[in-house]
Amino acid sequence: MEVVARKKTLLILNCILLTVGNCGGPLIIRLYFLRGGKRIWLSSWLQTAGFPIILITLFVSYMNRRWQIAINCTTELFLMKTRVLIASAIIGIITGLSNYCCGYGQARLPVSTSSLLVATQLAFTAGFAFLLVKQKFTAFSINAIILLTVGAAVLALHTSSDRPKGESKKEYVLGFVFTLAAAALGGFIFPSLELTYLKAKQAVTYRLVLEIQLVICFFATAFSTVGMIINKDFQAISREGKQYELGETKYYLVLVWTAIILQGFFLGIVGVIFYGSSLLAGIIVTVSIPITELLAVIFFHEKFQVEKGVALFLSLWGFVSYFFGEMKQNKKNIHQTEGTEMARAGDP
């Protein structure tokens with residue numbers, strides 16, 4: 001019972017991390033662009049540059065293991081095997097590409113629009129979960145996918161009224177397309193992580209999960225670093241800071257907090273997938289949309305047109321449909337398990 005309670009507690013903590021990161025991340029990145037930031041590769045880099053934070057947790061875990069074992073025994077510094085390392089590196093590069101697409105979208109679109117488009121990630125997650133980890137579809141999950149797709153289509157048909165001042169239609173459409181690409185890549189990454197856990201061929205502990213996250217963020221950051229070097233973003237940081245509307249100090253604070261908040265988001269993802277599932281991570285991303293919408297209206301005074309309201313309603317309807325279907329399926333599985341156990345108990 002203690003193990004189950006501990007697992008539930010850790011799942012809840014990771015859900016909170018994921019929710020805070022998913023709501024705060026888009027807002028602070030949008031703040032960077034609204035007040036004079038122009039470097040998309042830099043925004044992409046910041047999304048995973050906070051990965052050294054994980055080293056602190058890993059070091060504490062390592063020292064605890066050293067103290068708990070006999071003095072004459074050796075303690076492995078890293079648990080990860082080559083197979084998992086390669087898979088994590090590949091996911092990391094894909095994450096870097098996803099971060100760039102996300103950064104491009106957040107540079108061009110209001111937060112309320114980009115967040116609604118990210119809701120389609122649940123549909124992509126469900127599809128890739130079916131292909132990669134054999135997640136079964138139900139009428140409820142299919143209904144959710146259809147609703148989320150229709151919601152994105154509603155936004156696509158009303159782009160002109162939402163386009164920021166001074167931005168061309170081409171830039172806006174590209175932002176729309178890149179945000180959808182980020183949702184699709186994110187939908188692929190979640191089940192890929194779950195598949196990595198299943199095919200690891202070694203004991204999957206939370207320490208190993210943290211190591212996987214460290215490698216993913218390292219390679220994602222390396223991917224973005226190459227882009228920054230080619231685009232000469234590193235040389236532009238000091239100049240951009242001096243010209244930032246909120247002042248140079250707040251410019252650097254925005255960069256630092258972007259890295260911290262989004263590292264919490266990624267830690268929440270790997271934790272939720274480890275203690276729950278990739279689909280649960282997709283659900284949390286979707287259900288946090290109304291919070292992000294409300295915060296964007298409050299802090300950035302974004303317009304909330306009728307089509308956004310329709311898209312939000314469809315997204316929430318899709319979430320409720322999917323969640324209800326999952327609850328119903330889990331209840332059915334429990335009854336089947338209990339029936340099987342009772343039948344076995346009755347056998348002579």
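Close-up 1. E245 is exposed, with a relative accessible area of 54%, while R35 is partly exposed at 35% (buried is under 20% relative accessible area, exposed over 50% and partly exposed in between, with a 1.4 Å probe and protein chains only). This is a predicted model, where local features need pLDDT of at least 70, side-chain atom pairs count only at pLDDT 80 or more, and totals for chains, interfaces and linings use all residues. Residues are numbered from 1 along each chain as its sequence is written, and side-chain values use heavy atoms, leaving out hydrogens and water. The side chains of E245 and R35 meet in a salt bridge at 3.5 Å, N to O (a side-chain nitrogen of Lys or Arg within 4 Å of a carboxyl oxygen of Asp or Glu). The pair links distant parts of the chain, 210 residues apart: E245 sits in the loop between helix 10 and helix 11 (248–275), and R35 in the loop between helix 1 (2–34) and helix 2 (40–46). Helices here are DSSP runs of H or I, at least four residues, numbered from the N terminus.

**Close-up 2. D233 meets R39.** Here's another of the four salt bridges in the structure: the side chains of D233 and R39 come together at 2.9 Å, N to O. D233 belongs to helix 10 and R39 to the loop between helix 1 and helix 2, so to speak a link across 194 residues. Both D233 and R39 are buried.

**Close-up 3. A pair within helix 9.** E211 and R207 share helix 9, four residues apart, about one turn of the helix. Their side chains form a salt bridge at 3.6 Å, N to O, and E211 and R207 are both buried.

**Close-up 4. Helix 9 against helix 10.** Helix 9 (residues 206–231) and helix 10 (residues 233–243) pack at about 75 degrees, axes 6 Å apart (axes are lines fitted to C-alpha atoms over the stretch in contact, with angles from 0 to 180 degrees between N-to-C directions). The two helices are therefore roughly perpendicular, a label covering 65 to 115 degrees. T225, M228, I229 and N231 in helix 9 meet D233, F234 and I237 in helix 10, contact being heavy atoms within 4.5 Å.

**Close-up 5. Helix 6 and what follows.** In helix 6, Q121, L122, A123, T125, A126 and A129 are buried.

How values were computed:
Parallel < 35°, antiparallel > 145°, perpendicular 65-115°, else oblique.
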